[in-house]
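Subject: Structure handover

Hi,

Here is the structure I promised to pass on to you. Have a look at it first, and then read on for what turned up.

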Amino acid sequence: MQEACALALVKWPAEGVPGNPRAWLVGVARHKALDRARREARRAGKEAAAASDPTAGPRAAAGSRAAAGPRAAAGPRAAAGPRAAAADPSPAAADELGLILMCCHPALDPAARIALTLRSVCGLDTRSIATAFLLPEATVAQRIVRAKRKIRQAGIRMRVPDGEELTDRLAAVFRVVYLVYSQGHMAAAGPELVRAELCDQAIGLARALAGLVPGEPEAAGLLALLLLTDARRAARTGEDGELVLLADQDRARWDRAKIAEGERLLETALRAGRPGPYQLHAAIAACHSCAASADETDWREIAALYGELIKYEPSPVVEANRAVAVAMSEGPAAGLVILDALGGNARLTSWPQFHIARAELLTRVGRRKDAAQAYQAALKLPMPAPERAHLERRLASLA
């Protein structure tokens, strides 16, 4: 960052201050950090080559290691770097992905490394990260502090991984990108439902990641998931920014190009025969995007996919989502049985969507008083203003 500020002192007086000075500084700093990490990653190979063949000089050593860093790990198809993806990611996304790979160090606890990366690289505030993890903000803050302390005390060297080291970090990197998009798709709080800049940031990262490891079906599945979900962005809010539920959305406003690309990526990923959670998430999203209308949605298939997803992500959130799909396919009472069984989970009760789902199903079975209590429980939790306004209208209708 100091080098970026020093460069700004030279360039800005001569060329003018950029429209977004902060973004300019952060972008330049990221480029410099990644360049330094790449140089360090190549240093050992260059020194070894120079020692074994003194007449070759540095150029020969550099030539033999030109693909050092993460690009070498993915094999010949990845030699062009992240731009080998379905569509070119921005240079900023490629650079940011390099920093994420560095930050997701296996020496750190998995939850801590993801929280640290979301905060330090992706720019999410601690409150948003806590919302993503369904944890108290103080708990997440402590994780981040402990992770930073461990890096300092253990002298952990931050560099761009390659080979098996890159492969070992993929799961954490997938999760980081997924959570960045999740916080953009549904803001933790604030005046807007969608944080478009986070959605675009996550899609750019997913493109870079798919280009970095083109043979990895989960990378293609993750990109497919984000595209299929993001295709609905324009239809999720009305002219005044109010929330529009999935069943009520104008499907003519869905981005058909994103849907087509997402379906192609998902088909390619599934053909590899190595299923995983992000491919299953994408398949669920495809069930919605392929339906001509809300009534034609294959909820039975969605419930089955959530049942398979639980094998990979045995979490109460996945089980709650399965309950909604079961309710849509078998009736609200069947879904309520599952949700009520999850009601004792403290983390789940801090998730507004759990209470909202219960309220909707309780309303459908005629338990209006219980539904009102569930809406009130949801309204006590942080959420974006359009969703809060929608719930307040639903609660008023029950009265």
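Of the contacts (heavy atoms within 4.5 Å) in the protein chain between residues at least 6 apart in sequence, 63% join residues at least 24 apart. Before you go further, please note that this is a predicted model, in which local features need pLDDT of at least 70 and side-chain atom pairs count only at pLDDT 80 or more, while totals for chains, interfaces and linings use all residues. Residues are numbered from 1 along each chain as its sequence is written, and side-chain values use heavy atoms, with hydrogens and water left out.

The protein chain has 19 helices and zero strands; these are DSSP runs numbered from the N terminus, helices being H or I of at least four residues and strands E of at least two. Of its 399 residues, 46% are buried, meaning under 20% relative accessible area with a 1.4 Å probe, protein chains only (exposed is over 50%, partly exposed in between).

Now to the helix pairs. Two packed helices are described by the angle between their axes and the distance between the axes. The axes here are lines fitted to C-alpha atoms, for helices over the stretch in contact, with angles from 0 to 180 degrees between N-to-C directions.

Helix α9 (residues 163-185) and helix α10 (residues 196-212) have axes that come within 8 Å and cross at roughly 155°. The two are therefore roughly antiparallel (over 145 degrees; under 35 is roughly parallel, 65 to 115 roughly perpendicular and the rest oblique). Their crossing is left-handed, that is, the near helix is turned anticlockwise from the far one by less than a right angle, clockwise being right-handed. On the α9 side the contact includes Leu166, Leu170, Val173 and Phe174, and on the α10 side Leu198, Cys199 and Ile203 are among the residues. By class, the contact of α9 with α10 has 15 nonpolar, four polar and no charged residues; Ala, Val, Leu, Ile, Met, Phe, Trp, Tyr, Cys and Pro count as nonpolar, Asp, Glu, Lys and Arg as charged, and the others, Gly among them, as polar.

α10 also packs with helix α5 (residues 91-103): the axes come within 9 Å and cross at roughly 75°, so α5 and α10 are roughly perpendicular. Ala93, Glu96 and Leu97 are among the α5 residues that take part, and Gly204, Ala208 and Leu212 are among those of α10. This contact of α5 with α10 divides into nine nonpolar, two polar and one charged residues.

Towards the end of the numbering, helix α18 (residues 368-379) and helix α19 (residues 385-398) pack at about 155° with their axes 10 Å apart, and are therefore roughly antiparallel. The residues in the contact of α18 with α19 are eight nonpolar, two polar and four charged.

Two single residues are worth a look too. His355 lies in helix α17 (residues 352-364) and is buried, with a relative accessible area of 11%. A polar atom of its side chain lies 2.7 Å from the backbone oxygen of Thr349. Not counting residues up to four places away in sequence, His355 touches Thr349, Ala374, Ala377, Ala378 and Leu381.

Leu225, in helix α11 (residues 217-230), is buried as well, at 8% relative accessible area. Its C-alpha atom is separated by 8.1 Å from that of Leu266, 41 residues apart along the chain.

Best wishes

Methods
A polar contact is a pair of N or O atoms within 3.5 Å; within protein, one must be able to donate a hydrogen and the other to accept it, and residues adjacent in sequence count only if both atoms are side-chain atoms.
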